[in-house]
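Dear colleague,

I am handing over the structure we spoke about. Please look through the sequence and the coordinates first, then read the notes below them.

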Amino acid sequence: MAVDILKISKDAQEAAKIYDDVINASIGMFYDENKNIGGMPTVSKAIRNLTDEEILPYPAVDGGSLFKNNLYSWVFGQYESEIRSKLFVGACATPGGSGAIASTFALLAKPGESVLVSDIRWQYERFADRAKLNIHEHHLFDGDHFNLKSFKEELEKLCKIQKRVIVIINDPCHNPTGFTLSETEFQEIIHILNAQTDNDIVFLYDLAYLEYSHESDNRKKIASLTQIKPHVLTIIAFSGSKTFGIYGLRMGAAIYLSPLEKKIKEVHPMFVNEARGSWSATPTITIELFNHFASAENRAGFLKDLAKINTLVQERSQSFISQAKEIGLKTHPFRSGFYTVVLTPNPEKDYLKLAEHHIYAVPMNGGIRIALCSISKKEIIGLPQKIKTILSL
Ligand SMILES: Cc1ncc(COP(=O)(O)O)c(C=O)c1O
């Protein structure tokens, strides 16, 4: 279902100029309780304090060694030395997590091939369309859990048809459901990928919302990547947009990991070439901003801002989910994150009905996605009931 989320959000903004009861729950950007975007004063200040030298020149296409080393430390956290002792790693800066996904599709699959995605998902078909790839689905859920059986079956089917298979997992805080895999589920996924020894597997691990997970250790699953076998190339899609709330600046990276050095040496120039031949280079400002926050002192300030956002989003989601439960409004299994999905019979019609009542949300496979990141606690009071009444659920 390829709706234009940015257009729905624009429609909501236009409606808000006329009506004072508009709820814009359409877009994945954090707004505070007073409708200010970003919510991270440390980030806004750091952007304003960058010098011309940190903004204007061309950067190294892959971001440069400082950026890449800072990136590994950030993403791998306390598991950096363990991961780097067992796997070879490399990286290329990209404009957002989107750049990492688009280039993986363009470089590592041939037109006409299929990529394995879940039946409920973010808009991966847009990247697939551009790379002339097809979508092959597995069921995301089995009750309240990740559907390992369907994942395994569909992967096996695809592995019989094509040698190289790109598999996408979006975790933690899955968009659009807010689901987060357990450590056991994640390890099972790795075992399933490891079992396809006759194929080349590309495990595209989209962890755009890594910082918004409420797991006690949100890097632990990344450490399980040390178990990948030589036929599995992992590509982590990192999103600076979500991490730092800088959606329009386009910060991101592809981080590749493999037990085989040869694979990393092969893939790195491909990513650099893809960048040079499409977007040319990721904005210097994002690379310098990331390097700024890599220092322990600056990072500590950022983490305080992040904690505030996380608390607020969790309060919003708890309010929405508990009200929904009380009135019997069904959602997909939710753990944490920017979104939840209300199950509705006719998402494509239902979201238009909600818009007629000035509630702007996004139709998805099986329901309507509510962006909890962008609506206030006040707006959430009574919202599940309004949705239930409008859609006669
Ligand atoms: C699941 C998921 N992955 C990746 C992205 C990419 O974000 P960006 O390209 O802005 O970093 C998004 C953005 O909404 C997302 O929801």
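Predicted model: local features only at pLDDT ≥ 70, side-chain atom pairs only at ≥ 80, totals over all residues.

Ligand site. The ligand is surrounded by 13 residues. The closest of them are Gly-96, Gly-97, Ser-98, Ser-239 and Ser-241. Helix H5, which covers residues 96-108, gives the most to this shell, with three residues. Sorted by class, the shell has nine polar residues, three nonpolar ones and one charged residue.

Sheet. Three strands form an open sheet in the order S11-S14-S13, and the pairing is antiparallel. Strand S11 (339-343) and strand S13 (362-364) are at the edges; each has a single partner strand, so one side of each is left without a neighbour in the sheet. From one strand to the next, the twist averages 35°. S11 is joined to strand S14 (residues 367-371) by five bridges, and these two strands run antiparallel. For Leu-343, the bridge partner in S14 is Gly-367. As background, strands of a sheet pair through backbone hydrogen bonds, in either a parallel or an antiparallel way.

Helix H7. This helix runs over residues 148-161, which makes 14 residues. At 1.5 Å a residue it should span 20 Å, and its end C-alpha atoms are 20 Å apart, so the two values agree. Its buried residues are Phe-151, Glu-154, Leu-155, Leu-158 and Cys-159. These cover an arc of only 140° around the axis, and therefore sit on the same side of H7. On the face turned away from that buried side, H7 carries the exposed residues Lys-149 and Lys-160.

Cis peptide bonds. Two are worth checking by eye, and they are listed here with their locations.

- Asp-171 to Pro-172: the bond is cis, with omega near -5°. Pro-172 has its place in the loop between strand S7 (164-170) and helix H8 (183-195).
- Asn-175 to Pro-176: the bond is cis, with omega near 20°. Pro-176 is also found in the loop between S7 and H8.

Positive phi. Which residues have a positive phi although they are not glycines? Ser-280 is one of them, with a phi of about 75°. Ser-280 is in the loop between helix H11 (261-276) and helix H12 (284-294). It has 10 C-beta neighbours inside 10 Å, and because the cut-off for exposed is 12 or fewer, Ser-280 counts as exposed. His-358 is another, with a positive phi of about 70°. His-358 lies in the loop between helix H14 (347-356) and strand S12 (359-360).

A buried residue. Is Ala-254 buried or exposed? It has 28 other C-beta atoms within 10 Å, and since 20 or more is the limit for buried, Ala-254 is buried. Ala-254 belongs to strand S10, residues 252-258. Ala-254 and Tyr-58 are 196 residues apart in sequence; in space, their C-alpha atoms are 19 Å apart.

Regards

How values were computed:
Residues numbered from 1 in each chain as written. Near = placed C-beta within 6 Å. Helix = DSSP H or I, 4+ residues; strand = E, 2+ residues; numbered from the N terminus. Nonpolar A, V, L, I, M, F, W, Y, C, P; charged D, E, K, R; others polar. Pairing = 2+ DSSP bridges. Axes fitted to C-alpha atoms, helices over the stretch in contact; angles between N-to-C directions. Expected span 1.5 Å × (residues − 1). Arc of directions from axis to C-beta.
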